[in-house]
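Biologist: Could you take me through this model, starting with the overall fold and then going down to individual side chains?

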Amino acid sequence: MLTINECYLEFVNKILKQGKETYKDSNHHLIESLGNFYIIDDPFNLKFRAKYQHYTTEMLLSDIKNGKFDIEGCPMKSDALYEYVKSAENPDDQGFVYTYPNRIYAHFNIDQFNTMKQRILTATGSNRAVAVTIDPEVDADREDIPCLQFLQCIVRENELTIHCIFRSNDIFGAFYSNMFFIAYLGLKMKEEVNKELIGEKLNFSGVHYHSTSGHIYNTDLKAARNLIKVNK
C-alpha cells in the first residue's frame, strides 16, 4: 500500500534521477518526467483499508493540523497544509485567477461536487461522476490556467476511488498538498454519499493520480535533493 508521503518522496526522487532538462512555455527551467501514474491506496497511512470507512474529513484535518503527516524538508507543513486542505470547502475564488474549489463548486454556475454525488447515488457504478476545472471561454487567453484538469469518482464493490489528471504538476512544491486536497475530496465524497445511500456503505480506497508533465523547477533542485537526503 502506498501513502501520500511515500509517493511524494518516491516521485521527487524519480524526477531527480530520471528527469530531463527542459523549458516550460513561460521560460522556467526545470527537469521533467512525462506520463506519470500512481495508485495511492493508503493515502493517510492507516495501514488497513477497513479503517477508511470510519475515518472522517474532520479527523483528517485534525491530524494534518497536529503535524501527523509532516515531512522534514517539505515546503508545506501542518498549519499551512491544514489551511490549504480546508480551503476545499471554500467556493470563493479568493481574489485569485482561479482556485480548484471555485472551479469545482461554483465557477460554471453549478456545483460539480454535488453533480458527482448525485451520479453515484443514482447509479453507484456510474462512470459519469466527473468534474472539470478548465474553462475554454475564459482560459483561452490566460497564461495561468488550472494544472488539475479533471476529477472522477468511481465506485466498485463499495470502494470509492478518486481519479485526477494534471496537465502540469510541480512535484516538489505542490504535489504533496495537491494529493491531500484531492484525497480530502474523495473522503468527503464517501461521507456525503453514505449519508444518503441506502444499504451497504462505501469505503474510501484512495487516489489514482495521472500527470502528463511532472517536474521540479531548477530553483528547487537543491531543496529537493535535501528532502531526499534527510528522509533516507
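Modeller: To begin with a term, a residue is called buried under 20% relative accessible area, exposed over 50% and partly exposed in between, with a 1.4 Å probe and protein chains only. By that criterion, 49% of the 232 residues of the chain count as buried. Please keep in mind that this is a predicted model, in which local features need pLDDT of at least 70 and side-chain atom pairs count only at pLDDT 80 or more, while totals for chains, interfaces and linings use all residues. Residues are numbered from 1 along each chain as its sequence is written, and side-chain values use heavy atoms, with hydrogens and water left out.

Biologist: How many helices and strands does the chain have?

Modeller: There are eight helices and seven strands, taken as DSSP runs numbered from the N terminus, where helices are H or I with at least four residues and strands are E with at least two. The radius of gyration is 18 Å, close to the 17 Å that the globule rule gives for 232 residues, so the chain is as compact as a globular protein of that length. That radius is taken over C-alpha atoms, and the rule is 2.2 Å times the number of residues to the power 0.38. Along its principal axes, the C-alpha trace spans about 50 × 45 × 30 Å.

Biologist: And what share of the contacts comes from residues 24 or more positions apart?

Modeller: With contact meaning heavy atoms within 4.5 Å, such residues account for 68% of the contacts in the chain that have a separation of 6 or more.

Biologist: Switching to aromatics, how many pairs are there?

Modeller: The structure holds 18 aromatic pairs, where rings of Phe, Tyr and Trp (its six-membered ring) pair if their centres lie within 6.5 Å, and planes under 30 degrees apart count as stacked, over 60 as edge-to-face and the rest as tilted. In one of them, the ring centres of Phe44 and Tyr55 are 5.5 Å apart and the planes stand at 40 degrees, so this pair is tilted. Both residues belong to the loop between β2 (29–40) and α2 (57–65), 11 residues apart. Phe44 counts as buried at 0% relative accessibility, and Tyr55 counts as buried at 4%.

Biologist: What about Phe69 and Phe180?

Modeller: Their ring centres are 5.0 Å apart and their planes are at 50 degrees, so that pair is tilted. Phe69 lies in the loop between α2 and α3 (78–86) while Phe180 lies in helix α7 (residues 171–196), so the pair ties together parts that are 111 residues apart in sequence. Phe69 and Phe180 are both buried. One aromatic cluster is formed by Tyr8, Phe44, Tyr52, Tyr55, Phe69, Tyr176, Phe180 and Phe204.

Biologist: Which charges sit over ring faces?

Modeller: Lys65 lies over the face of Tyr82 at 4.5 Å from the ring centre, and Lys188 lies over the face of Phe113 at 4.8 Å from the ring centre. The criterion is that NZ of Lys or CZ of Arg is within 6 Å of the ring centre and within 35 degrees of the ring normal.

Biologist: Then salt bridges: how many?

Modeller: The count comes to eight salt bridges, each being a side-chain nitrogen of Lys or Arg within 4 Å of a carboxyl oxygen of Asp or Glu. In one of them, Lys68 meets Asp63 at 3.8 Å, N to O; Lys68 is partly exposed, with a relative accessible area of 44%, whereas Asp63 is buried at 19%.

Biologist: What does Asp139 bridge to?

Modeller: Asp139 meets Arg103 at 2.8 Å, N to O, and this pair links helix α6 (residues 136–139), which holds Asp139, with helix α4 (residues 100–105), which holds Arg103, 36 residues apart. Asp139 and Arg103 are both buried. Asp139 also forms a salt bridge with Arg142, with the closest N and O atoms 3.7 Å apart, and Arg142 is partly exposed, with a relative accessible area of 36%.

Biologist: Which buried lysine has no salt bridge?

Modeller: That is Lys190, and the nearest side chain of opposite charge, Glu191, is 5.1 Å away, with Lys and Arg counted as positive, Asp and Glu as negative, and His and the chain ends not counted. Lys190 is in helix α7. Leaving out residues up to four places away in sequence, Lys190 touches Tyr52, Gln53, His54, Tyr55, Leu160, Leu202, Asn203 and Phe204.
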